[in-house]
Amino acid sequence: MNERQNHTTPQNSPVTVIGLGPMGQAMTRTLLTAGHPVTVWNRTAGRADGVVADGATLAATPAEAVEASDLVILSLTDYQAMYDILDGDGATASLAGRTLVNLSSDTPERTREAVTWAAGHDAAFLTGGVMVPAPMVGTEAAHIYYSGPHEVMEKHRATLAPLGTPRYLGQDPGLAQMMYQAQLAVFLTTLSALMHATAMLGTTGLKAAEALPELLSSADSIGAILRAGEETPGAALDAGEHPGDLSTVAMMGATADHIVETSTAIGLDLALPLAVQAHYRRAIENGHGRDNWTRIIDSIREAAR
């Protein structure tokens, strides 16, 4: 055990943050506030000025940043950026015995490949998915999904906790990335739907300031509607049950048809409504028109088989 380890606890242990976009800066400030010495590095050094003024230490190189802490957090565009930075600078020579926590977005498969890469440099690896925007990091609303070795998660849980409530999913390093992608699939699709709906209403002369409050109320109610329909949302899906006593495939499919027809008539982009329409049409073609709308999951799953 080195001298630094003898005099540190999870409450004041050094942390390195590589990548100082808005998320990296927010995490750095949160860790500083929690009492951690933080070393930072960014390709554009000027981005560090604000956090350095707040107490962070700017490393001259990625290798120097890695060597400053046993826990290295990466907040980058994707996983390739990690390789470019750490391999390009020779920082991999300093990874042995350290833990990399990559909070960058990428695919689950690239995440699993990164674990093998890190192990080749004798480093531990945790995957993370931050589920709030930068201004919410460190707040009670913040949570972060993690996956990877359980013992590594527990070793660093107290240090990572100030960033957002840790939600550990399991040993498979791809799990956190998959959950992150799934959450963003809901988020991004909802954003596109809101803009499509706003554009629809705009053709009638309704301003976005008038339309969006109504549309956001609808978006807010979706969770409550789904929970009201089933005591444990997802239980019927797991059981392969699609009782068609409320919103059937045929009914929802007819609505999807009307949205496509309206969008066509007013000259809007059809990518989103056609995708939704296709889900219902395939379920109807497969004889499931009387089933609950959840039956559309069948054709979504089939593409992965």
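# Helix packing around α8

In this predicted model, Pro 108, Thr 111 and Arg 112 of α6 touch Gly 174, Gln 177 and Met 178 of α8, where contact means heavy atoms within 4.5 Å and helices (H or I, at least four residues) and strands (E, at least two) are DSSP runs numbered from the N terminus. By class, this contact of α6 with α8 comprises 2 nonpolar, 3 polar and 1 charged residues; Ala, Val, Leu, Ile, Met, Phe, Trp, Tyr, Cys and Pro count as nonpolar, Asp, Glu, Lys and Arg as charged, and the others, Gly among them, as polar.

Residues are numbered from 1 along each chain as its sequence is written, and side-chain values use heavy atoms, with hydrogens and water left out. Because the model is predicted, local features need pLDDT of at least 70 and side-chain atom pairs count only at pLDDT 80 or more, whereas totals for chains, interfaces and linings use all residues.

## The chain as a whole

The protein chain holds 13 helices and 8 strands, and its C-alpha trace spans about 70 × 45 × 35 Å along the principal axes. Among the contacts with a separation of 6 or more, 62% join residues 24 or more positions apart.

Two packed helices are described by the angle between their axes and the distance between the axes. Axes are lines fitted to C-alpha atoms, for helices over the stretch in contact, and angles run from 0 to 180 degrees between N-to-C directions.

| Helix pair | Angle | Axis distance |
|---|---|---|
| α11 (residues 249-265) and α12 (residues 271-285) | roughly 145 degrees | within 9 Å |
| α8 (residues 174-202) and α9 (residues 208-229) | about 135 degrees | 10 Å apart |
| α6 (residues 108-119) and α8 | roughly 155 degrees | within 8 Å |

The angle makes α6 roughly antiparallel to α8, and their crossing is right-handed. Angles under 35 degrees count as roughly parallel, over 145 as roughly antiparallel, 65 to 115 as roughly perpendicular and the rest as oblique. A crossing is right-handed if the near helix is turned clockwise from the far one by less than a right angle, and left-handed if anticlockwise.

α8 and α9 are therefore oblique to each other, and they too cross in a right-handed sense. Their contact involves Leu 194, Met 195, Ala 197, Thr 198 and Leu 201 of α8 together with Ala 208, Ala 211, Leu 212, Leu 215 and Leu 216 of α9; it has 9 nonpolar, 1 polar and no charged residues.

α11 passes α12 in a left-handed crossing. The residues that meet there include Ala 256, Ile 259 and Val 260 of α11 and Leu 274, Tyr 280 and Ile 284 of α12, and the contact of α11 with α12 divides into 12 nonpolar, 3 polar and 2 charged residues.

The 29 residues of α8 should span 42 Å at 1.5 Å a residue, and its end C-alpha atoms lie 41 Å apart, which agrees; the expected span is 1.5 Å times one less than the number of residues. Buried residues of α8 include Gly 174, Gln 177, Leu 194, Ala 197 and Thr 198.

Thr 99 lies in strand β5 (residues 99-102) and is buried, with a relative accessible area of 4%. Not counting residues up to four places away in sequence, Thr 99 touches Asp 70, Leu 71, Val 72, Ala 124, Val 152 and His 156. The C-alpha atoms of Thr 99 and Leu 126, 27 residues apart along the chain, are separated by 7.5 Å.

Terms used:
Buried < 20%, exposed > 50% of the residue type's maximum accessible area, 1.4 Å probe, protein only.
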